[in-house]
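I opened this notebook to record the pockets, beginning with a question about their linings.

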Amino acid sequence: MKKGKSQSEIMGLLMVVVLISVGLLVFVSFSLKNINEKDIVNEYTHKQLPVLLNDAILETHTKDSECYGEKIQALMVKAGEGNNFRCNNKYVRPFLKDKVSYLLNKTLDKWGIKYRYFVYTGNDPVNDNIIEIKNSDCKGMDIDTEIFFFKLESGGFLNIKLDLCS
Amino acid sequence: MNRKSQIKLFESIAVLVIFVFLLAIGMKFYTNVQLGSLEEAERKFKRLDSLKSSVVLSNLPEISCSKEGITDSNCFNLYKIKSWSDLIKEDAKFTDYYVTVLGNSMIEIQSIYPKEKTWTIYNSSVGGSYDYTVIPITIYDSIEDQNNFGILKIKTFYGKR
């Protein structure tokens with residue numbers, strides 16, 4: 001009689017252990033599922049956005065009244081060549097900084113995205129830049145980068161780098 | 001002996017009631033989790049739909065820029081957009097076709113620089129909640145031979161017609 005009671009108690013304990021194990025298994029499988037699932041939309045947006053934005057900025061023409069209807073890309077190259085080309089009353093570098101700032105303000109700033117934008121001719125975007133626009137230092141953040149580069153007539157390359165930070 | 005059996009029976013029933021109660025709580029929790037993940041999945045699919053619409057739209061030969069037969073995927077021709085938009089508004093046959101391609105959405109093109117203007121080029125909204133996708137684009141004005149900087153805004157609605 002005593003032996004039978006012990007056996008049922010052990011069976012009960014075993015059932016409790018099995019139930020707890022199943023519960024834990026369900027919990028762990030849910031957690032792993034959430035980690036492994038990648039958000040395709042976020043991935044696509046973060047990889048594509050700097051490419052599309054940089055491309056759209058460079059392809060844009062200026063107003064005739066502001067800089068003779070020149071394309072921003074052509075003005076960037078002029079700025080990289082270091083010549084003193086003027087857009088009406090402004091040198092090309094400050095003019096470009098104003099225009100690109102305006103476009104980034106209407107897009108990334110408005111959408112609450114942190115970024116750094118550099119136009120540079122050497123190897124270091126921070127120290128060799130001719131234009132720098134940013135709304136964050138991006139320290140300790142994940143950065144998605146897109147670099148466009150153009151060959152300069154004077155030799156070397158003009159690099160246009162857009163970092164999106166999250 | 002009879003009383004002892006009654007106590008044992010009562011004990012068994014109590015254990016059974018507690019077990020069913022725990023099972024019900026577990027089921028409720030599981031259902032809530034499943035509902036939450038289903039809603040999340042629906043949201044993800046809608047966002048994916050919105051993104052798909054933007055990719056489809058960027059590559060529609062009806063409205064994209066092309067030179068010598070080569071299509072530029074991130075560029076929209078301003079006059080093609082206007083004609084296409086008018087055609088959809090006027091002819092139900094075209095509207096029905098594009099609903100199958102672009103779904104229940106509202107698509108706007110906003111020119112930011114040098115010209116500032118917004119066009120609603122497609123509107124098949126059904127109201128209710130929606131998801132929003134914005135993509136930087138180039139808008140080509142073929143008469144002035146000028147590229148404008150703009151954004152493509154796609155609102156994809158969750159409701160059904």
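Which element gives the most to the lining of the second largest pocket? I looked this up and found that α2(A) does, with eight residues. I worked on a predicted model, in which local features need pLDDT of at least 70 and side-chain atom pairs count only at pLDDT 80 or more, while totals for chains, interfaces and linings use all residues. Residues are numbered from 1 along each chain as its sequence is written, chains are lettered from A and ligands numbered from 1 in the order in which they are written, and side-chain values use heavy atoms, without hydrogens and water.

Terms, noted once. On a 1 Å grid over the protein atoms alone, a pocket is an open set of points where a 1.4 Å probe fits, with protein on both sides within 12 Å along at least five of seven lines, and lining residues have an atom within 4 Å of a point. Helices (H or I, at least four residues) and strands (E, at least two) are DSSP runs, numbered from the N terminus.

Second largest pocket. I noted 19 lining residues, of which A:T45, B:R47, B:Y132, B:T133 and B:V134 lie nearest its centre. Two or more residues each come from α2 (40-59) of chain A and from α1 and β5 (130-141) of chain B.

Largest pocket. I again noted 19 lining residues, with A:L19, B:F19, B:L22, B:L23 and B:G26 nearest the centre. The elements giving two or more residues here are α1 (2-36) of chain A and α1 (2-58) of chain B, and α1(B) provides the largest share, 12 residues.
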